[in-house]
Every structure is written in C-alpha cells, then in structure tokens.
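Hi there,

Here is the structure we talked about. Have a look at it first, and then read on for what turned up.

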Amino acid sequence: MPFFCWSLEHDECNMIKITFPDGSLREYAEGTTAMQIAESISPRLAQEVLAADINGETWDLTRPIDKDSTIKLYKWEDEEGKHAFWHSSAHLLAEALQELYPGIKFGIGPAIENGFYYDVDPGEGVSIKDADLIAVEKKMQELAAQKSTICRNYITKQDALKVFGERGETYKTELIEELEDGTITTYSQGNFTDLCRGPHLPNTSYIKAIKLTSVAGAYWRGDEKRRQLTRIYGITFPKKKLLDEYIVLVEEAKKRDHRKLGKEMELFTFSQNVGAGLPLWLPKGTQLRLKLEEFLKAIQQDYGYQQVITPHIGNKMLYITSGHYAKYGKDSFQPIHTPEEGEEYLLKPMNCPHHCEIYKAFPRSYKELPLRLAEFGTVYRYEQSGELHGLTRVRGFTQDDAHIFCAPEQVKEEFIKVMEIIHIIFRALNFTDYEAQISLRDPDNKEKYIGSDENWQSAENAIIEVCQEKGIKARIELGEAAFYGPKLDFMVKDALGRRWQLGTIQVDYNLPERFELEYVGADNQKHRPVMIHRAPFGSMERFVAVLIEHTAGNFPLWLVPDQAVILPISEKFNIYAQELARDLRKKGVRVIIDDRNEKIGRKIRDNEMKKIPYMLIVGEKEAENLEVSVRKHGEGDVGSMKIANFAALLNDEVEKQMTQWQ
C-alpha cells in the first residue's frame, strides 16, 4: 500500500484529512508522516523541510499523524525549522562529548536564537577549554556523517529514572522527578539517548557545517548555590556557505560590539568600585541619552502624557501588593532595614506600583481619563554576575516607562496611539525591519500569573483585535506574557540580522484590582480602570547598546553627541578654532575642539575612530580666508567653505533627517 491514499482508495485504508496553510485539503492514509506529505508535494520540498507544525505543535517529520490535522512545513528560513536543526545539533554535541569524555554528565541542551548550547559536568579534575573545541567539532562531523536516525520514544517515569539513574545522570534524574508520568519522551541516535521533548531532524546527516563558538561557566538551574557546569556554545548549518557567511557576520559584530565602541567613543564605563552591572554614563553618552529622552518627551507631549518622578525605593508592602515581590523577590537586592522595627524597603524593580499610587492620590472621574503618566524611571534587579553583559544586561537600568489609566472602552484607541509612537521612533532611528509578537500567558501553567481568567481573556482579546484591525501580522507566543498581563512586543532586526525585543505594550486589568483603583463614571458609579504599560525604548541602556551595534556607532546627525570637531593644524591656530566653535554653537551646532599637541594625521585618525560626523581642519590658509576645510566621516575631504555655509549644510542635513520621520 502506498504511504498516502487519495479519495479513490477510501475502501482500502483509514483516511485522515490534512489541511494546508492556504486552506486546501488532501486525504492521506492514517499514520502518514509530515515527511511523506512533503514528498507527495515535491521531492525538492522533502529535501528542504526540517520540521512540521501539526495542529499548532511543532513535530518531528517522522512522527505519524493519526487524525485529521492542519499542517505547516518548516524549512531553514523558518525559526521553527532552525530550532529543530539546532536542537538536534545540541544532541550531536552531547553524543560527541560522551565519546570523548567517558563519565560526563549532562544538564540541559536547548536551541537558542543563534545556535545552541549544552551544560555538562565533565567530572572531578576534568575541564573542557576553548582549545578542546576543535577535537569536539571533528567528532561531531564524524558522527553527523554516519547519518544516524534520530528516534523518538515514550518512556514511563519509573523506567526513565532507572535508565538515567543507572548511568549516573544526576541532573537528568532531577528533571525527571519533576515530570508527569505519561508525558516523558527520549530521543536516541547512535549510542546516545537523551531525555527530551523534541522536535528533531530525521537523522544527523542534515548537519553539514559545525562551529563550536565558546566555553563558559553556568550554575545548574541558574542557582549560584548549585554546582557550576561547563556550558559549550555552538552553531550549525545545512550548508558550509551559510557557516562562512555567519563567520563574516560574527567578525562584523565584533567590530560593532557596543562595549568596544562605547569605550572608543567615550560613552559609558563600568567600575568594580561602584559595582558590577551598574553603568556610569560619561558626558558624551549622557548627552546621547538625554537627546533620546528629549526626543521621546516631545512626542509624548503631543500625545498628552504628563511627566512624573518617583523614588528609587519603596516600602516592601508596595511590591507585595503589586505582586512584584513574589515575582522578582529572588532577583532583587536584599531589603533595606530601617531603624524602625519591622520596616523594610526595596530598591524598586518596577515603576508601575508607584504610578498606581499617584493615580490613587486623588479621587478620579471618567472626565480625567485616559490619564497618561510617563517617567524615565530607574529600576534595580540583582542579575547573576555570569549573566551581566555590557549595557544589554545590567543591575540598574532606566525604563522609558509610562502607564495609561483608561476606561475599558478606551483601551483599543490608546493601544493604537502607543503603536504610533513606537513606529515614529523606529522610523527616526532607521529600524526598518521589525515584527510584532503577541505574548500571551501559558494556558497550561496559569499559576505563574495573577488575575482572573475573565480579565486575562479581556486583555488578550484587546491586543489580538487591535492587531487584526490594523493589519499587523503578529506571531503569537504562549507563555511570554508579563505576570500581570499580555503584551505586544516589537522584535527589531539590526543591521546584522539579529533580533532584539525593544518596544513593548501591555494591557493590565490586574494591578488596578490589586491597588483598588477607581474612577467615577458618567453614571455616577465607581468603576475600575484598565492600565496600559508601555516602553517604546524598553530600557535606555539596552536600547543604546542595540543602537550602537545597529549603526556601528554612526548615529544620525540629529542625535550624535558631537556633530563636528575642529582640528587646528598647530597650536597657533587654537584661538581661531575657539572663535569658530563659539560661532558654530550660536548657530546650533554641537562642536568640540581637538587642540592636542599632535600631528594632524593622528588627530584625524583618532576622531575617525570616535565617529564624529564632521572634522573641520584649520590652518594658515583657512584662518586668512575665514574658512574651514571640511572632512566627512567615512567619506574624506568635502572642500573648504565659509563657516556660515557649513552651519547651514549641517543644519539642513539635520532638518532633512527629522522631516523623514515626523
């Protein structure tokens, strides 16, 4: 019997209906796999497909389908396809390590946004270093070439504990203890078997190009009190050409690293004396950040926001009421104990509880709604030291936070207005490639969240309906909601194609209930407002880091801290340079002078590295003619011109940039 049956063969086999993304329908024999369906469509498709969506779940291509189903086939271009590919690659890494390091124990090995990692315990006295990765890569390539079938198997909890216990896999048995019997699966390839939910590739031969990128330490289950494991990172591809392209991107990413450029451009620094994860903004970085704040404040003013300021600490009871203490208590700095017995304060992990108290300070009427409160508020969370990374992961960060208190019937309109603000910001900073993600709660794990099912349903429906009405194709991610409400996240791709979550909008019916917020409606009755949380930048620290790497430090002229630098050829032209600087500042140009006792070539090189858009070189000829010799960053000499003409040129360029996004 063939692996699929058309309607003419109904009497020969049990049939199932398969619905494709375009709505078309075909009938196949019960037990047909996604790979067989791909083969029935096109041999080429069967070569390219990596995983399949069956009724909303990502499956292995070789898993039999036994009922009427919807199907979507995933290739390398799809995130789900890459996820299956890299998940299988993590298992291939583990198989290679098992052969090279007898007695090694395994933790977890997930796919991540770019590649995969595996946490392993090599054993007492054994270490795996960066220099060892070449041998591990070679072993992975040998194993991949064996074309080992990757098999999924169901196993009882008792058998799983026995199998992994006999192997001494203490980390795996700890995980198994927490699983529900009847839901446990393993995957096997060659001589390696792993506890895993999948999905995976059909066999190892799909993995053609392998690069292990680094070794790091990672505490088991993120707990600093547990054993530190060895985390090995890697990435793989179905073609060597893709790996070569990736290596080029990695090299470019190193050049754009915000930690490197931030130092060269004198934007920010860190000090162990101040504390890990607590950035110090230098004058130029502060100017950059303030320009971003001014930019957003101007937009917010047009949209009717009011600025507020709240303390950096709050009474512990405030965060118990909001639910933040239960959520972030473990990740917060230790409570501050005052001389008053039993009185405790916390460094604030979020601004929203403070804004709730501002709302609550006065009786509110429906005529005041929507009330839009905005703050560039600094918050604190005790991130683990191993997770700190430049400005992207810090312990103290400033959110461009705002909270909109509105009536239920105003939610959609306010949500749309926030989307407009985010789009203005992305246009202004040339983030042209982004997608929306609707983050909902996990319906199978509701204890992670606060609030009633009814409130969650209302909030989730509001976001989904707004996206449908505005024609936004947003992907839905279960389990990614905030603990108090669902959200719409904007995932931005930078110049290197990396995805970053920047802007976010959240709909919250729960905090108004917890804080007992009210307003008097037109019916003279008390009603509960809805709260919209929004942060277009997300955090100033993370946004600046992403912006640095996206632009390679070449900020738009309207934003850059120093728009021009004057370079006197020798110190006898310093007075002329100072006169020029005063004149340019009066004309609105942000200009500095590099009057170091250095050769002009050295000054040009140093200021090119600082990425200042314009260099104005002045010597004897320029001083006599009351001119400047203009040099543009990355382009070279522009020519000589009068200072008024240069100021007009620069201001016209700024005006042109700003009109593009207004």
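Phe-426, Phe-431, Tyr-434, Phe-490, Phe-537 and Phe-543 come together in one aromatic cluster. Please keep in mind while you browse that this is a predicted model. In total, the structure holds 21 aromatic pairs. One of them is the pair of Trp-76 and Phe-85: the ring centres lie 5.1 Å apart and the planes meet at 80 degrees, so this pair is edge-to-face. If you wonder about the two values, a pair of aromatic rings is described by the distance of the centres and the angle of the planes.

Are these two residues, Trp-76 and Phe-85, buried or exposed? Trp-76 has 13% relative accessibility and therefore counts as buried, because the cut-off for buried is under 20%. Phe-85 is at 0%, so Phe-85 counts as buried too.

Trp-76 also turns up in a pocket. The second largest pocket has a volume of about 360 Å³. It is lined by 13 residues, and those closest to its centre are Gln-47, Glu-48, Trp-76, Pro-238 and Lys-239. By class, the lining of this second largest pocket has six nonpolar, two polar and five charged residues.

Which residue lies over the face of Tyr-117? That is Arg-231, at 3.9 Å from the ring centre. Likewise, Arg-395 places its charged end over the ring of Tyr-382, 4.1 Å from the centre of that ring.

You will see Phe-515 in the loop between helix H15 (510–514) and strand E26 (519–520). Phe-515 has a relative accessible area of 3%, so this residue is buried. Leaving out residues up to four places away in sequence, Phe-515 touches Leu-318, Thr-321, Ser-322, Pro-353, Cys-356, Glu-357 and Lys-360. From Phe-515 to Lys-599 there are 84 residues in sequence and 65 Å in space, C-alpha to C-alpha.

How many cavities of 30 Å³ or more does the structure hold? There is one. About 80 Å³ of space lies in the largest cavity. Its lining is made up of Met-265, Leu-267, Lys-284, Val-560, Pro-561, Asp-562, Lys-610, Lys-611 and Ile-612. Five of the residues in this lining are nonpolar, four are charged and none is polar.

Enjoy exploring, and write back with any questions!

Best wishes

How values were computed:
Residues are numbered from 1 along each chain as its sequence is written. This is a predicted model: local features need pLDDT of at least 70, side-chain atom pairs count only at pLDDT 80 or more; totals for chains, interfaces and linings use all residues. Side-chain values use heavy atoms; hydrogens and water are left out. On a 1 Å grid over the protein atoms alone, a cavity is a set of points where a 1.4 Å probe fits but cannot get out, and a pocket is an open set with protein on both sides within 12 Å along at least five of seven lines; lining residues have an atom within 4 Å of a point. Grid points are joined across faces, edges and corners, and a volume is the space filled by probe spheres set on the points. Ala, Val, Leu, Ile, Met, Phe, Trp, Tyr, Cys and Pro count as nonpolar, Asp, Glu, Lys and Arg as charged, and the others, Gly among them, as polar. Helices (H or I, at least four residues) and strands (E, at least two) are DSSP runs, numbered from the N terminus. Buried means under 20% relative accessible area, exposed over 50%, partly exposed in between (1.4 Å probe, protein chains only). Contact means heavy atoms within 4.5 Å. Rings of Phe, Tyr and Trp (its six-membered ring) pair if their centres lie within 6.5 Å; planes under 30 degrees apart count as stacked, over 60 as edge-to-face and the rest as tilted. A charge sits over a ring if NZ of Lys or CZ of Arg is within 6 Å of the ring centre and within 35 degrees of the ring normal.
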